[in-house]
Amino acid sequence: MANTTAVYARIDTELKENAEGILAKLGITPSGAIQMLYSQIVLQNGLPFEARIPAKKPLDISKMTEEEISNEVLKGLKSAESRVYTVDEVDEALHSRYGI
C-alpha cells in the first residue's frame, strides 16, 4: 500500500454535499478529488486555477430593470460580434495551446 496521510478540513455542509454529489456522478471519491487537486498544485507549482478578487461584482439581474437587462444583453451581443474567428484561427489556437 502507498504511503498515505490524512488531510482534515472543515467546510460548509451544503458545499460539501453539493460537491460530493457532482463527484459521485463523475465516479470520483472525495479523496480522489483531493489527490487530483494536490497533484495539480505540485505540477503547476501553485493553484491550478486563477485565484483573484474579480475586478467588479457580477450583475444581479433580480435587482435590474427590464431596460438594464436589455442593455446588458446588447453589450454582450456587440462583444460577441467583435470576436469573429476563422476556422484556421481556431485550429491554430487549439494546436498551439493544446497540441491538437
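These are my notebook entries on a predicted model.

**Overall layout.** I began with the secondary structure and found 4 helices and 0 strands. Read from the N terminus, the order is α-α-α-α.

**Dimensions.** Along the principal axes, the C-alpha atoms fill a box of roughly 60 × 40 × 25 Å. The radius of gyration is 21 Å, whereas a compact globule of 100 residues would come near 13 Å.

**Burial and surface.** I then asked myself what share of the 100 residues is buried. Buried residues come to 2%. The protein exposes about 9900 Å², and carbon and sulfur atoms supply 58% of that area.

**A nonpolar patch.** On the surface I found Val7, Ile34, Leu37, Tyr38, Leu47 and Phe49 forming a nonpolar patch. Together they have about 560 Å² of accessible area. I traced Phe49 to the loop between helix H2 (30–44) and helix H3 (66–81).

**Asn45.** I stayed with the loop between H2 and H3, where Asn45 also has its place. Its phi is near 55 degrees, a positive value in a residue other than glycine. For context, I noted that most residues other than glycine have a negative phi. Asn45 counts as exposed because its relative accessibility is 75%, and the cut-off for exposed is over 50%.

**Charges.** I counted 11 positive and 15 negative charges, with mean positions 7 Å apart. Asp88, Glu89, Asp91 and Glu92 gather in a surface patch of negative charge. I placed Glu92 in helix H4 (residues 87–98). Glu92 has 48% relative accessibility, so I logged it as partly exposed.

Notes. Residues are numbered from 1 along each chain as its sequence is written. This is a predicted model: local features need pLDDT of at least 70, side-chain atom pairs count only at pLDDT 80 or more; totals for chains, interfaces and linings use all residues. Side-chain values use heavy atoms; hydrogens and water are left out. Patches are made of residues with over 30% relative accessible area and no salt bridge: like charges are joined within 9 Å, nonpolar side chains (Val, Leu, Ile, Met, Phe, Trp, Tyr) within 5 Å. Accessible areas come from the Shrake-Rupley method with a 1.4 Å probe; for residues, only the protein chains shown count as cover. A salt bridge is a side-chain nitrogen of Lys or Arg within 4 Å of a carboxyl oxygen of Asp or Glu. Lys and Arg count as positive and Asp and Glu as negative; His and the chain ends are not counted. The place of a charge is taken as NZ of Lys, CZ of Arg, CG of Asp or CD of Glu. Helices (H or I, at least four residues) and strands (E, at least two) are DSSP runs, numbered from the N terminus. Buried means under 20% relative accessible area, exposed over 50%, partly exposed in between (1.4 Å probe, protein chains only). The radius of gyration is taken over C-alpha atoms; the globule rule is 2.2 Å times the number of residues to the power 0.38.
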